[in-house]
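Hi there,

Here is the structure I promised to pass on to you. Please open it beside this email, and then read on for what turned up.

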Amino acid sequence: ELPKDAKVRNIEINEYSVQFFITEDDKLYVGGINRDSMGLFDKTGFRWGFLYAIRGFLGRTNNPVLFAENVAQVFEATDGATDKGFLYTDLNGTLYYFGSATKGNSVKIAEDVKGATACNRTIFYVTSFGDLYQKFLDGTDAVIIGKNVADVYTNGSAIRIVDSTGEVYQIDTRSPSCQTYNTQGGSVVKAVRNDY
C-alpha cells in the first residue's frame with residue numbers, strides 16, 4: 001500500500017519476489033514477500049529497518065516501504081545463492097548497490113550511468129557515453145570492457161549486451177569467466193542470433 005497520492009512510473013520485481021516501485025516524485029519503495037535476503041533490516045537506519053520489519057508482525061509483509069528518494073532507475077543484481085541485492089541510480093545518474101554483499105549498506109559504484117546489471121558480485125554498467133564497464137564488489141577499480149554499448153541486462157543465466165547498432169551479445173553467468181571477462185579474452189562473449 002503506497003501513499004494515497006502516489007503515482008507509480010516504474011515497477012521491477014526480482015526473482016525472489018522483492019518488489020521495487022518508483023513513483024513519479026522519484027521515491028523508491030521496496031516491498032514483496034521475502035525473508036530479508038538483501039539485508040534490508042541491517043544498517044539502513046532505525047526508521048526504515050523498523051518499518052520493514054514490523055510488516056511481518058502485522059501480517060502485511062507485502063507492503064512496500066520507502067527506501068530512498070531522488071531515484072531514477074532500479075536494476076536487478078543476481079548475486080548467486082548467498083548474496084542478494086539490487087542496483088539503483090539517482091537523478092544525476094550515480095549508480096549504487098545495496099544488498100547482503102555489502103552488509104546492508106548502499107555503496108556508490110559509478111557516475112553518469114544509464115544501465116546496469118550484476119551477477120556473482122560483478123557489476124556491469126553502461127555510461128551515457130556508451131562505455132561498458134565491469135566492476136567487482138571487492139572494491140577494485142572498474143575496467144572498461146566495451147564501447148558503443150546501448151544497454152546491458154540480465155536474462156536468466158546470461159548477461160546481455162546490446163551495442164549501438166542493435167546487435168546483442170551475451171556472457172554466460174554460470175561460467176567462472178563471468179568474473180574474469182575482458183575484451184582481449186572475449187571467447188566467453190557470443191553473438192545472440194534471432195533474439196529480440
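Which residues does Ala116 touch, not counting residues up to four places away in sequence? Ala116 touches Phe75, Leu87, Leu95, Phe124, Tyr125 and Val152. Please keep in mind that this is a predicted model.

Ala116 also has a place in the largest nonpolar core, which holds 14 residues. Along with Leu87, Leu95, Tyr97, Ile109, Ile123 and Tyr125, Ala116 touches the most other members of that core. As general background, nonpolar side chains tend to be buried together in soluble globular proteins.

Next, have a look at the open sheet of four strands. Its order is β1-β2-β3-β4, and the pairing is antiparallel. The strands β1 (8-13) and β4 (65-69) each have a single partner strand because they stand at the edges, so one side of each is left without a neighbour in the sheet. On average, neighbouring strands of this sheet are turned by 25° against each other, direction ignored.

Strand β2 (residues 19-23) runs antiparallel to strand β3 (residues 27-31), and four bridges join them. To find your way there, look for Phe21, which stands opposite Tyr29 in β3.

Enjoy exploring!

Best wishes

Note on methods:
Residues are numbered from 1 along each chain as its sequence is written. This is a predicted model: local features need pLDDT of at least 70, side-chain atom pairs count only at pLDDT 80 or more; totals for chains, interfaces and linings use all residues. Side-chain values use heavy atoms; hydrogens and water are left out. Two strands pair if DSSP finds at least two bridges between them. Helices (H or I, at least four residues) and strands (E, at least two) are DSSP runs, numbered from the N terminus. Axes are lines fitted to C-alpha atoms, for helices over the stretch in contact, and angles run from 0 to 180 degrees between N-to-C directions. A nonpolar core is a set of buried Ala, Val, Leu, Ile, Met, Phe, Trp, Tyr and Cys residues joined through side-chain atoms within 4.5 Å. Buried means under 20% relative accessible area, exposed over 50%, partly exposed in between (1.4 Å probe, protein chains only). Contact means heavy atoms within 4.5 Å.
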